[in-house]
Amino acid sequence: LRLAEETGQHNPAAHLHSVLAVIAAVQGRAEDCRRHAETALAQAISYRLGPHAGIATWALATLDLGAGRSEEAFDRLEALAGAAPGE
């Protein structure tokens with residue numbers, strides 16, 4: 001991740017942040033999850049990297065489910081399921 005960020009490799013950096021967000025969500029590390037997901041989403045939106053935005057959104061939904069926020073998780077996943085290519 002550090003190498004990707006230092007060399008301006010936005011695609012792998014966004015991917016790694018999104019995966020780290022999922023890992024943090026599963027482990028219940030809410031602050032780390034949100035930090036990685038926000039970074040992944042910012043990069044993914046800026047550079048139109050849809051899969052990485054999807055993984056980061058999934059991580060946040062997983063965090064919501066773990067905290068008993070099922071409606072918030074549903075809203076995130078519903079929006080993700082409704083996204084079309086390029087959105």
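Let me start with charge. The protein carries 7 positive and 11 negative side chains, and the centres of these two sets are 6 Å apart. Lys and Arg count as positive, Asp and Glu as negative, while His and the chain ends are not counted. Each charge is placed at NZ of Lys, CZ of Arg, CG of Asp or CD of Glu.

Some ground rules. This is a predicted model, in which local features need pLDDT of at least 70 and side-chain atom pairs count only at pLDDT 80 or more, while totals for chains, interfaces and linings use all residues. Residues are numbered from 1 along each chain as its sequence is written, and side-chain values use heavy atoms, with hydrogens and water left out.

Now the fold. The protein has five helices and zero strands, where helices (H or I, at least four residues) and strands (E, at least two) are DSSP runs numbered from the N terminus. Along the sequence the pattern reads α-α-α-α-α.

Next, dimensions. The C-alpha atoms fill a box of roughly 40 × 30 × 15 Å along the principal axes. Of the 87 residues, 32% are buried, meaning under 20% relative accessible area, with exposed over 50% and partly exposed in between (1.4 Å probe, protein chains only).

What does the largest nonpolar core contain? It has 16 residues, and those with the most contacts inside it include Ala-21, Cys-33, Leu-41 and Leu-60. Helix H2 (10-26), helix H3 (30-46) and H4 each supply at least two residues of this core. A nonpolar core here is a set of buried Ala, Val, Leu, Ile, Met, Phe, Trp, Tyr and Cys residues joined through side-chain atoms within 4.5 Å.

Leaving aside residues up to four places away in sequence, Leu-60 touches Cys-33, Arg-34, Ala-37, Leu-41 and Arg-76; contact means heavy atoms within 4.5 Å.

Thr-57 sits in helix H4 and counts as buried because its relative accessibility is 17%.

Is His-52 buried or exposed? His-52 counts as buried, because its relative accessibility is 10%. Beyond residues up to four places away in sequence, the contacts of His-52 are Asn-11, Ala-14, His-15, Ser-18 and Ala-44.

Last, contacts overall. Among contacts between residues at least 6 apart in sequence, 45% join residues at least 24 apart.
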